[in-house]
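This briefing goes through a single protein chain, topic by topic. Please have the sequence and the coordinates open while reading.

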Amino acid sequence: MEPEQTDNQVVNGVTSDKSATAANVRQSSDDGTEQEPTRGTDVARARWTILRQVLKQKQVDSGKVPQVSVRRFSSFSLFSRSRVVTPDPDDPSEGQWVEYRSASSPQYSAFLRDNLGPIRVTEVLNSFDNTGNVCVWPSEEVMAHYCLKKRHMFRGLSVCELGGGMTCLAGLMIAVCADAREVILSDGNEKAIQNVRSVIERNRRAGLFTCTDVSSRVVRWDSESDVSALESCFDVVMCADCLFLDQYRGSLVDAVRRLLRPNGTALVFAPPRGETLAQFRGLAERAGFHVRQYLNYDQEVWDVHIGMQREGKDSYDENIHYPHLLTLTQGCDQTPLL
């Protein structure tokens with residue numbers, strides 16, 4: 001059954017908060033963008049929001065590793081998360097590895113190193129977006145779950161995840177379950193990609209990949225050299241909660257357009273976050289994309305969403321926590337991969 005599709009206005013009770021500002025930035029997102037240090041008070045506010053979250057984050061040493069942070073809503077509980085207990089003497093960071101296992105398809109799991117301990121203040125303030133370097137955010141978790149459920153649609157295709165942060169969980173799960181021809185995991189932050197390289201190698205050694213061509217690279221959406229090197233290479237391009245900085249929405253649309261093959265599909269998971277989702281959709285349509293927007297695209301995710309609403313949880317705000325799904329294709333007569 002095709003997911004429930006919305007029109008240009010968000011429906012079913014999801015409203016836009018026109019007063020949303022950078023104070024809402026990245027309470028639950030994975031991204032590959034950031035401004036330069038001198039560009040405006042909104043970026044400064046965003047950076048200090050991120051820094052405040054990082055400095056308050058707590059470490060947990062139990063065998064089961066809950067996602068503890070200052071985020072008001074941290075997870076849809078679509079994956080179990082367990083610390084790897086067998087140490088590797090050749091890897092000094094071994095104790096920081098965890099295994100993510102799908103709750104709905106427990107035969108699929110992957111090793112992640114999604115928390116590298118203390119992050120220096122200078123790294124948060126000065127490098128290219130560190131928000132995805134702290135943890136797996138709900139939109140990335142949902143996208144990974146969706147890709148597992150729809151794994152048949154990636155078989156034999158070339159896939160690129162943009163702005164995947166420290167883990168690129170969704171792209172990693174495609175590499176684990178989908179028999180894709182090629183999977184490239186990317187982010188605009190070099191530190192994130194250094195970690196992703198280690199993640200790829202660890203899962204490759206464990207024999208978890210069904211795709212033999214899995215790699216990572218730095219891709220900044222505003223970099224001509226980064227984008228041109230991958231032009232028209234992918235059947236599927238995807239990203240999770242990468243829309244919150246105004247200055248890079250247009251660059252993301254352009255990067256997606258150039259990276260996709262003519263018959264390709266982009267999958268974008270993001271919460272409304274004020275008007276940011278609607279603004280991205282408008283930019284994509286003006287760039288020639290045919291955009292479809294889905295609110296109820298997976299029953300498990302939808303059930304958690306409805307349950308949180310019914311319980312009146314103070315920690316849950318659908319404006320910043322519930323990701324919508326956008327599909328982007330380059331022709332109105334083209335059917336997106338679903």
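Helix 4 is mostly covered, with 9 of its 9 residues buried; buried means under 20% relative accessible area, exposed over 50%, and partly exposed in between, with a 1.4 Å probe and protein chains only. Helices (H or I, at least four residues) and strands (E, at least two) are DSSP runs numbered from the N terminus. The model is predicted: local features need pLDDT of at least 70, side-chain atom pairs count only at pLDDT 80 or more, and totals for chains, interfaces and linings use all residues. Residues are numbered from 1 along each chain as its sequence is written, and side-chain values use heavy atoms, with hydrogens and water left out.

**Helix 4 and the cores**

- The buried residues of helix 4 are Leu169, Ala170, Gly171, Leu172, Met173, Ile174, Ala175, Val176 and Cys177.
- Asp179 follows helix 4 and has a positive phi, near 55°.
- The largest nonpolar core holds 58 residues, and Phe154, Ile174, Leu267 and Tyr297 have the most contacts inside it. A nonpolar core is a set of buried Ala, Val, Leu, Ile, Met, Phe, Trp, Tyr and Cys residues joined through side-chain atoms within 4.5 Å.
- Helix 4 (residues 169-177) gives the most to this core, contributing 8 residues.
- Another core lies apart from it, with 29 residues that include Cys160, Leu162, Cys242 and Ala266.
- In soluble globular proteins, nonpolar side chains tend to be buried together.

**Met238 in strand 8**

- Met238 belongs to strand 8 (residues 234-240), and counts as buried because its relative accessibility is 0%.
- Leaving out residues up to four places away in sequence, Met238 touches Met143, Cys147, Val159, Cys160, Glu161, Leu162, Ala170, Gly171, Ile174 and Leu267. Contact here means heavy atoms within 4.5 Å.
- Met238 and Leu326 are 88 residues apart along the chain, and their C-alpha atoms are separated by 9.9 Å.

- Helix 8 spans residues 276-286, and its buried residues are Thr276, Leu277, Phe280, Arg281, Gly282 and Ala284.
- Gly288 follows helix 8 with a positive phi, near 105°.
- Helix 7 (residues 246-259) packs with helix 8 at an angle of about 40°, the axes being 9 Å apart. Axes are lines fitted to C-alpha atoms, for helices over the stretch in contact, and angles run from 0 to 180 degrees between N-to-C directions.
- The crossing of these two helices is right-handed. A crossing is right-handed if the near helix is turned clockwise from the far one by less than a right angle, and left-handed if anticlockwise.
- On the helix 7 side, Asp246, Arg249, Gly250, Leu252 and Val253 meet Thr276, Gln279, Phe280, Leu283 and Ala284 of helix 8.

- Arg281 is located in helix 8 and counts as buried because its relative accessible area is 7%.
- The Arg281 side chain reaches the backbone oxygen of Val291 at 3.3 Å.
- Gln293 lies in strand 10 (residues 290-296) and counts as buried because its relative accessible area is 3%.
- The Gln293 side chain makes polar contacts with the side chain of Arg281 at 2.9 Å and with that of His324 at 3.0 Å. A polar contact is a pair of N or O atoms within 3.5 Å; within protein, one must be able to donate a hydrogen and the other to accept it, and residues adjacent in sequence count only if both atoms are side-chain atoms.

**Positive phi outside glycine**

- Ser77 is not a glycine, and its phi is positive, near 60°. Ser77 sits in the loop between helix 1 (40-56) and strand 2 (79-83), and counts as exposed because its relative accessibility is 56%.
- Cys168, also not a glycine, has a positive phi of about 50°. Cys168 sits in the loop between strand 5 (158-161) and helix 4, and counts as buried because its relative accessibility is 0%.

**The chain as a whole**

- The chain has 10 helices and 11 strands.
- Of its 338 residues, 58% are buried.
- Among contacts with a separation of 6 or more, 75% join residues 24 or more positions apart.
- The chain exposes about 13600 Å², of which carbon and sulfur atoms supply 48%. Accessible areas come from the Shrake-Rupley method with a 1.4 Å probe, and for residues only the protein chains shown count as cover.
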